[in-house]
Amino acid sequence: MKLKVYKLHFTSPLHISGTRDDYSVSLKTIASDTMMAALTSCLAKIGESIPEKGDLGFVISDSFPFYQETETSAPVFFFPRPLKINLPDQIEDTNLKKIKKVKWFDKYYFEKVLGGDIMFQNSDIRRIKCDEYIVDKNQSKNFNGIFESQVTPRVTIARDGVSDSVPYYVEKITFRDFSGLYFIVDGDTELLEKAMNLLKEEGIGTDRNVGNGFFEYDTDEIELSLPESADNILSLSNYIPSKSEELTELLGGDKIAYEFHRRGGWITTYPYNSLRKKYVYAFVPGSVFKRPNHATDSGLLKLGEVVDLKPDNIGVSHSIWRNGKSIFLPIKL
């Protein structure tokens, strides 16, 4: 199956804040709902009418890392480790420690895990690079990681001119060689293109006003072999179920594994910048669910909904959309 992807090549450092607002640690990926919120904001700024209920007509994955050695070399796309995979019955303790650290599968290993192969045999252990990545031997020769990090000190100056200044630290992420982040997209990309052309100039993440988060982008395709007749599905995005019946069906199997986290944060439009949005819980990418009965083929599946996080009773004049639609792929367990 061919998947369309957008590749982000960052031209300046990047900092993505987590839910704890700890600036000394940056996330290494951009959540799908964070990217969709930025795209929606860009469309509003250029005067595009936001469709009813915040649905822009396409669904994206989280932004995952890719490695690219030179400007003309083929990229190595990485996919998130599923929260449930098929492991050998017997694993040495030393190997188990190594396995627990792995977060990213290249295309070769991702297709293996989707197809239900037993993972992390001895030959697989040797393909683990930089603790977090498992890379096919044909791709691993020059691979030495994707991210580089620098933590710099900053100071908050008291507005009253009397209180002491407060130091803090900010981690900035850069990318080795021509690497970056990419996301998978499915649907009509007309609005996506319009929004991306502004977003690359405005930047994404923290400290955009001092030059962080700027990027160039291009498009590509991934040819991914998907299993037939799989009983489970794997999420690639932050997922908010559209109704309780949908979630009940997805949780109905015995081979499921999931985590969820709280999504919300501060409103970014003036004059509401000091106000917090409502919050909602979303399932994280890598969660594994039972395949719903209405999924009639072995290809890509889209589930979830867009929710409005506008605070109640405080006069915010516009909706604040949080996109919980997710891309799912079949996985055999």
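At what angle do the axes of helix H1 and helix H5 cross? In this predicted model, local features need pLDDT of at least 70 and side-chain atom pairs count only at pLDDT 80 or more, while totals for chains, interfaces and linings use all residues. Residues are numbered from 1 along each chain as its sequence is written, and side-chain values use heavy atoms, with hydrogens and water left out.

The axes of H1 (residues 32-45) and H5 (residues 190-202) cross at roughly 95° and come within 8 Å. Helices are DSSP runs of H or I with at least four residues, strands are runs of E with at least two, and both are numbered from the N terminus. Axes are lines fitted to C-alpha atoms, for helices over the stretch in contact, and angles run from 0 to 180 degrees between N-to-C directions. H1 and H5 are therefore roughly perpendicular to each other, a term for angles of 65 to 115 degrees. Residues in this contact (heavy atoms within 4.5 Å) include Met35 and Leu39 of H1 and Leu192 and Leu199 of H5.

Elsewhere, four strands form an open antiparallel sheet in the order S15-S12-S19-S16; two strands pair if DSSP finds at least two bridges between them. Strands S15 (288-290) and S16 (301-303) stand at the edges, each with a single partner strand, so one side of each lacks a neighbour in the sheet. Four bridges join S12 (residues 232-235) to S19 (residues 326-331), and asparagine 232 has isoleucine 331 as its bridge partner in S19. Helix H3 (residues 107-114) lies across S12 and S19, at about 70° to S19.

Conventions:
Parallel < 35°, antiparallel > 145°, perpendicular 65-115°, else oblique.
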